[in-house]
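This briefing concerns a predicted model. Selected features of the fold are set out below by topic.

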Amino acid sequence: MKKLLTFFAAVLPCALAFAVPHIPAQPVIDGKLTDAVWKNLPWKSSFAKLGKTEQAPVQTRFKSFNDGKKIYFAIECDEPDTSKLVRKSYSDGSGLLWMNDSVEINLIPDSKLLTFYKTMIDANGVHTDLRGQDDNTDSGRYLFSPWRSSMEVKVRILKNKWIVEAAIPFGSMNYIAANNEKWRLNIGRNRWVTKKVELSGWSVMPEPNHVIPKAFREVTVEKFSPVNYLYDMEEFKGEIVRKNGKQSYKVSTTIHNNSGSFRIFQMECSLTDRKTGKVYQGKSKFHLQGRAYRKYSVMIPDVPNGDYLFNWDLNTNSASPALLKRMTRTVNIEFIPLQVTLKRPAYRNNLYATMPDKTIEAVIDLRESKGLPLTVTLSGEGVNEVRKIAKSIGRNVVIFDGAKLKDGRYVLKATIEKDGKELAASVKIRKLPYRKGEVWVDGRGVTHVDGKEFFSYGWYQSHGERNPVYNTHVNMARFKNIDSAKKSVSDSYKIHGLKSLILPFQDLANRSDWSWVIFKDPDTRKKGLTKQQREKIIEFVSQISDQEGLLGYYMADEPEARDNNPAWYEEARELIAEIDPYHPCLLLNYGIEGIRKYYKGCDILLPDCYPQYFEDGSTSSPRWRPSDFAKVSTSLRPAWQMPLISPWPDLSRDGKLRGIAPTYFDQRSQIFQAIIHNVKGINNYAFFDSQRFSDSIIGPPEIGKILMNASRYLLDTTVPDGVKITTTPHFGHFQVGLKMPDGKICLLAINTSMQKLKVDFVLKKKFSGKLYLEGGKKSVKVVNGKFSDVFAPNETRIYFSDNALASSLTPVADTLKAIEDLRKSRKKPGNLVGLGDMYSIEYQLYGKEKKLAPGVPQITASSDARYYMTRETGSLYYLVDGLTAPNRVEYTWKPGPGDKKPFVQFKLSKPAALKMVKLYTLNGNLKAGQIVVNGKSFPFANKSGKTEITVPLSGVNSDTVRIECTEFNTKSSDPFGFTGRLLSEVEIY
Amino acid sequence: MKKVFLFLLLLSAVTVFGQQKAYSLKATLVGEKDIFAPGDMIKFKMTYTCPETHRMAGWYVMGYTKNLPASFPAALNVKVRGKDPNWQAVHFTTWKWFPKGKEKDVVEFSTKGWPEGDYQISVTTIFRNKVKSETKTDKYIGSDLVFTLEK
């Protein structure tokens, strides 16, 4: 009965619509709530913990109304001791603001819940505005982009509560004609005063998540009509206008009046300098009939060069103008009357000894003084070459032969003389002596090592034994000193064949922990480099740069998650490039916004795009998300990509679906989508926890073979519009790309849907003949560039015109069979304790939480020497997952130090007649011991050091088997530590 | 003969065109503001030119529905004329006549009963020959006023 009442108590308020009344009042937004309009409005409270129906122990309450132009909120947050409020400083627009004590106002005018608006306001009174857009996968997930609410907000902190008063103009949101008074609303709260964050909300949420719009309560925003706000602004254009030495910025847009009524607009265009906050404005007034559109321009006078946030506001023609529509974008205003850029060399303006083409091709852009003579000089190292263009044009090209230059530094300078005044621009060029292992990037974004194309393929952090398909790893170590750094890089290269991407930010303080002091993140990365940081970078980079095993510098891992300042990385990159021109800087972001924000801090972008895979075939992000990432990153910089190979997360947010490691099809889809969109390197996440799963053990090395064998094709630039396709049924996200080096064809085609598709292809190249699939046995017949094929859900196909190449690759079906065979071999018939290929969550449930599923044995041990990965789960359930010779040391067991009588004990779910125990011991580490069943001992010895020990039992009936280790070797001498581990697998028959 | 005829034809075309250019009208609100309250009198100035032979004889204001708030016709209980939505119009005043010699260039009209909203009102003036003539030589010239009514 109590449960029923609790349920209805939670659900019933949702059923009652709440009114946001229309009151023609405009309170002063001062956080005091003393205006008369607030006094007569009731409080709404009973905030519940997210994911539960129980009320939050510390409550929040709010009031709301609208005046036809804005929607107003008064929010009171009880807090017994407001001196403990968490109020860190975050950068403007930071999505991390929720990690301060904060509230979240969520507004949805759209009954279909396709878009919603969120503003997070923290106890400092700072706010971040976000617009959520449904990601079109019917999964209730949203993509966020910045929004500018124009909210007026004031926060006041009292002794035992803090107050938010806010006013949000209706005009800051977008509407369609079908919108009406029925909205959805939720107020959420993030309370960090407690040890564990307390998340609560006015709407009862089915899981601990603020972003579930369908759970937000329905409200009636009285007298709201979308008709007042049906305007669009499109085709924005901004141009610099210079006259009489002054610079203005002219903005144009086409305004659509979809409201049906004649309208007079007060237009206000503003540029806010992102560094100084100074505002430059232009105003205008115009009118437009209903259902009409017209192009308008506004001039913003006296605008210097800079980075700006631009707003174009359409306001009512009123004594107190109300916002009707806003367009916001970032603009960079940079009038450079004369600009020099180098088309060749394409990377860092450097000429490397191993570059086959050492042409210097300079492009000189003129924005004024066209028609005058242009002089271009290349000087340095005793050279002074001159090129003259008698009559300059807008874009001028000049060539120098860099091959004949000596090593050294040069300056290429372009000058124009007008009325006795010189206008000049220059770039610096370095010609570098040969260094073994030198790394540079060509105009296609392809990395070269020692002059050879290098398709980087490897793993993030940990890796396995040497495998010829892997050539790179990301090394996140913070080294004690330079010698340990050199040894690490050298060992990775010489022992494992892996070039390293290392952190250039090293304290080198001889500490054995991984703490940072000089480079503490994020504390020291809010502004520019400190003097001490510069010195440390110079010290480390100058000493490590000559290591043959070095591939590049790993600048940051998801810096947007810690609100790092992009300028810090830009400065660091510039310094590193000066000290070590031979190795590029790479930077990893987890989202498209991060890529756009941080790209200047690196030479190569390496974003991680994690779709997240679940047991029912669903994903958190659309399966074509890797393509979105690749398109953005390659438009800004040469790019690699980090696909997800591990299972993450273990469980979906609502706890209903188990996460899985990506299947072979999933892996192929991620990697080859990136390659279609011109990504030139792949780094997988992550070896240490993916090697428990059959797909992740076999899939990545097979893909590696394709990358290495077909690198000549895959590294080439995808032919623009090289293929046209039609899918049946229609599906708009089928990915396809044509690579055609030397006229031979490699066609990549990926079905990113979970339905079968028939695809009709039309190639730009009018090829007739056969295209062969991996393995060379299957082919399609192409006639004049046309052919059709049928794709299974989530299938990737790679077609080659070169049958010899196709035949060198493993057929996909064979790899799938190998994965299935491995999976089957891991659960042997008759093995009473074997679980085989498990879900990631099961290691947690059995090892950490001791929640055993039916049939799962209870495994205990005298001790368990754990690693970071197994610190919570322990190692014991890795002894029953069917991996007898695992790739990772974490999947094995070893007793703790000081354990003189180590044992592992298995308690079966029910007694059985026991015939045999099989022990797998790496490197023969387990030398002798006994199996104890019902007090009876079955000794074993392994003097010859075999890796498999078979111990016959007499058919004794029992549910408990104890393995006692009496003689063993736990000293570790191999780089992975396997030599110290005793057991990798136990089978009981 | 043909040439003379063509010359006369050309001359008359130029004359007519020249006469067209001789007429102009610009209506502007008096004062700085363009925001009024419903019920206010809207005062505006007519700056015009016309040939010596003609004078401004009268004016009136009307509105095309596309330039008015949607609720205007119902609020004033006036009929919307015309079928083409681009040219549907509402006439809410009659002609205001100037006796000879008593022409004014600043006039006004009432917004009593008008709903709040944005307006583009069409001002039309009539120019007439100072001397009565058998031939009709009236000329109608228009200009627009743009303003907002808010409480």
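In what order do the three strands of the open sheet in chain B stand? The order is β1-β3-β8, and the pairing is antiparallel.

**The sheet of chain B**
- β1(B) and β3 (residues 41–49) of chain B run antiparallel and are joined by six bridges.
- Within this pair, B:Leu25 lies opposite B:Tyr48 of β3(B).

**Helix α10 of chain A**
- Helix α10 of chain A covers residues 694–709, and its 16 residues reach 23 Å from the first C-alpha to the last, close to the expected 22 Å.
- Twelve of the 16 residues of α10(A) are buried, so the helix is largely enclosed by the rest of the structure.
- Among the buried residues of α10(A) are A:Asp695, A:Glu702, A:Ile703 and A:Leu707.
- The buried residues of α10(A) pack against β32 (456–460), α8 (664–676), β40 (681–684), α9 (687–690), α11 (711–714) and α13 (812–825) of chain A.

**Domains of chain A**
- The domain assignment of chain A includes domain 1 (2–227) and domain 4 (439–714).
- The centres of domain 1 and domain 4 of chain A, taken over C-alpha atoms, are separated by 38 Å.
- Domain 1 of chain A contributes twelve residues to the contact, and domain 4 of chain A contributes eight residues.
- The side of domain 1 of chain A that touches domain 4 of chain A comprises three nonpolar, six polar and three charged residues.

Key:
Residues are numbered from 1 along each chain as its sequence is written. Chains are lettered from A and ligands numbered from 1 in the order in which they are written. This is a predicted model: local features need pLDDT of at least 70, side-chain atom pairs count only at pLDDT 80 or more; totals for chains, interfaces and linings use all residues. Helices (H or I, at least four residues) and strands (E, at least two) are DSSP runs, numbered from the N terminus. The expected span of a helix is 1.5 Å times one less than its number of residues. A residue is buried if 20 or more other C-beta atoms lie within 10 Å of its own, exposed if 12 or fewer, and partly exposed in between; C-beta atoms are placed from the backbone. Two residues are in contact if their C-beta atoms, placed from the backbone, lie within 7 Å. Two strands pair if DSSP finds at least two bridges between them. Domain bounds come from an automatic or database domain assignment. Ala, Val, Leu, Ile, Met, Phe, Trp, Tyr, Cys and Pro count as nonpolar, Asp, Glu, Lys and Arg as charged, and the others, Gly among them, as polar.
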